[in-house]
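Me: I have a model open and would like to learn how to read its features. Can we go through them together?

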Amino acid sequence: MDNLPIAMYIIPSIIMFCCGVYGFVTRKNLIAILISLELMLNAVDINFVVFNRFLYPGQLEGMMFTLFAIAIAAAETGLAIAIIVNLFRWARNIDIRDLNKMKF
(Lines give C-alpha, C1' and ligand atoms only; values in the text may rest on other atoms or scores of the structure.)
Protein backbone atom coordinates (compact mmCIF):
# COMPACT_ATOMS: atom_id res chain seq x y z
CA MET A 1 0.00 0.00 0.00
CA ASP A 2 2.90 2.37 0.69
CA ASN A 3 4.57 1.70 -2.64
CA LEU A 4 1.74 2.80 -4.89
CA PRO A 5 2.73 5.54 -7.32
CA ILE A 6 1.09 8.95 -7.14
CA ALA A 7 -0.77 8.28 -10.40
CA MET A 8 -2.79 5.54 -8.72
CA TYR A 9 -4.32 8.25 -6.51
CA ILE A 10 -4.46 11.13 -8.95
CA ILE A 11 -6.18 9.33 -11.84
CA PRO A 12 -9.31 8.36 -9.82
CA SER A 13 -9.38 11.88 -8.41
CA ILE A 14 -9.28 13.37 -11.91
CA ILE A 15 -12.06 11.01 -13.02
CA MET A 16 -14.16 12.00 -10.00
CA PHE A 17 -13.61 15.68 -10.68
CA CYS A 18 -14.49 15.33 -14.38
CA CYS A 19 -17.68 13.41 -13.50
CA GLY A 20 -18.57 16.23 -11.09
CA VAL A 21 -17.99 18.90 -13.73
CA TYR A 22 -20.03 16.94 -16.26
CA GLY A 23 -22.90 16.52 -13.80
CA PHE A 24 -22.74 20.17 -12.74
CA VAL A 25 -22.93 21.39 -16.33
CA THR A 26 -25.49 18.96 -17.72
CA ARG A 27 -27.99 18.45 -14.89
CA LYS A 28 -31.06 20.61 -14.39
CA ASN A 29 -32.13 19.24 -11.00
CA LEU A 30 -30.74 21.19 -8.04
CA ILE A 31 -30.08 18.06 -5.97
CA ALA A 32 -28.07 16.50 -8.81
CA ILE A 33 -26.11 19.73 -9.17
CA LEU A 34 -25.38 19.72 -5.44
CA ILE A 35 -24.21 16.10 -5.59
CA SER A 36 -21.94 16.95 -8.52
CA LEU A 37 -20.47 19.84 -6.57
CA GLU A 38 -19.79 17.53 -3.61
CA LEU A 39 -18.09 15.07 -5.97
CA MET A 40 -15.75 17.82 -7.15
CA LEU A 41 -14.98 18.87 -3.57
CA ASN A 42 -14.17 15.28 -2.60
CA ALA A 43 -11.81 14.97 -5.57
CA VAL A 44 -10.00 18.08 -4.37
CA ASP A 45 -9.80 16.63 -0.85
CA ILE A 46 -8.18 13.48 -2.22
CA ASN A 47 -5.61 15.64 -4.02
CA PHE A 48 -4.84 17.54 -0.79
CA VAL A 49 -4.15 14.30 1.06
CA VAL A 50 -2.13 12.71 -1.75
CA PHE A 51 0.06 15.75 -2.36
CA ASN A 52 0.64 16.12 1.36
CA ARG A 53 1.65 12.48 1.61
CA PHE A 54 4.08 12.60 -1.32
CA LEU A 55 5.47 16.13 -0.98
CA TYR A 56 5.51 16.64 2.80
CA PRO A 57 5.27 13.16 4.35
CA GLY A 58 5.93 14.19 7.93
CA GLN A 59 3.64 17.18 8.08
CA LEU A 60 -0.12 17.60 8.36
CA GLU A 61 -0.93 20.69 6.28
CA GLY A 62 -2.79 18.72 3.61
CA MET A 63 -4.76 16.86 6.24
CA MET A 64 -5.74 20.14 7.90
CA PHE A 65 -6.80 21.62 4.57
CA THR A 66 -8.86 18.49 3.96
CA LEU A 67 -10.58 18.71 7.35
CA PHE A 68 -11.28 22.39 6.75
CA ALA A 69 -12.66 21.63 3.26
CA ILE A 70 -14.89 18.87 4.66
CA ALA A 71 -16.27 21.25 7.29
CA ILE A 72 -16.92 23.93 4.69
CA ALA A 73 -18.54 21.36 2.38
CA ALA A 74 -20.84 20.18 5.17
CA ALA A 75 -21.93 23.75 5.92
CA GLU A 76 -22.42 24.46 2.23
CA THR A 77 -24.50 21.32 1.81
CA GLY A 78 -26.73 22.19 4.75
CA LEU A 79 -27.31 25.68 3.44
CA ALA A 80 -27.93 24.46 -0.11
CA ILE A 81 -30.43 21.85 1.04
CA ALA A 82 -32.27 24.49 3.08
CA ILE A 83 -32.48 26.71 0.00
CA ILE A 84 -33.65 23.81 -2.15
CA VAL A 85 -36.35 22.83 0.37
CA ASN A 86 -37.61 26.41 0.48
CA LEU A 87 -37.59 26.59 -3.31
CA PHE A 88 -39.57 23.35 -3.48
CA ARG A 89 -42.11 24.65 -0.97
CA TRP A 90 -42.55 27.82 -3.00
CA ALA A 91 -42.47 26.50 -6.57
CA ARG A 92 -43.20 22.76 -6.13
CA ASN A 93 -40.30 22.18 -8.49
CA ILE A 94 -36.49 22.21 -8.22
CA ASP A 95 -35.69 22.42 -11.91
CA ILE A 96 -33.25 25.26 -12.58
CA ARG A 97 -35.08 26.26 -15.76
CA ASP A 98 -37.92 27.51 -13.56
CA LEU A 99 -35.72 29.65 -11.32
CA ASN A 100 -36.22 32.75 -13.44
CA LYS A 101 -39.65 32.92 -11.82
CA MET A 102 -37.93 34.10 -8.64
CA LYS A 103 -37.09 37.48 -10.13
CA PHE A 104 -38.81 40.34 -8.39
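Me: Let's start with the surface. Which residues make the nonpolar patch?

Reply: Patches are built from residues with over 30% relative accessible area and no salt bridge, joining like charges within 9 Å and nonpolar side chains (Val, Leu, Ile, Met, Phe, Trp, Tyr) within 5 Å. Areas come from the Shrake-Rupley method with a 1.4 Å probe, and for residues only the protein chains shown count as cover. Here Phe17, Val21, Phe24, Val25, Val44, Phe48 and Phe65 make a nonpolar patch of about 590 Å². Before we go on: this is a predicted model, where local features need pLDDT of at least 70 and side-chain atom pairs count only at pLDDT 80 or more, while totals for chains, interfaces and linings use all residues. Residues are numbered from 1 along each chain as its sequence is written, and side-chain values use heavy atoms, leaving out hydrogens and water.

Me: Which helix gives the largest share of the patch?

Reply: Helices are DSSP runs (H or I, at least four residues), numbered from the N terminus. Helix 1 supplies the largest share, four residues; helix 1 (7–26) and helix 2 (30–55) each bring at least two. Take Val21, which is in helix 1 and is partly exposed at 34% relative accessible area. On that scale, buried is under 20%, exposed is over 50%, and partly exposed lies in between.

Me: What about charges: how many salt bridges does a search of the whole structure find?

Reply: Side chains of opposite charge can pair when their charged atoms come close. The cut-off for a salt bridge is a side-chain nitrogen of Lys or Arg within 4 Å of a carboxyl oxygen of Asp or Glu. The search finds one: Asp95 with Arg97, closest N and O atoms 2.7 Å apart. Asp95 is buried at 14% relative accessible area, whereas Arg97 is exposed at 56%.

Me: And which side chain of opposite charge is nearest to Glu38?

Reply: For charge, Lys and Arg count as positive, Asp and Glu as negative, and His and the chain ends are not counted. Glu38 sits in helix 2, buried yet without a salt bridge, and the nearest opposite charge, Arg27, is 16 Å away. Leaving aside residues up to four places away in sequence, Glu38 touches Ala73, Glu76 and Thr77 (contact means heavy atoms within 4.5 Å).

Me: Where is Arg92, and what is its phi?

Reply: Arg92 lies in the segment after helix 3 (61–91). Its phi is positive, about 60°, although Arg92 is not a glycine. Arg92 counts as exposed, at 61% relative accessibility.

Methods:
Buried < 20%, exposed > 50% of the residue type's maximum accessible area, 1.4 Å probe, protein only.
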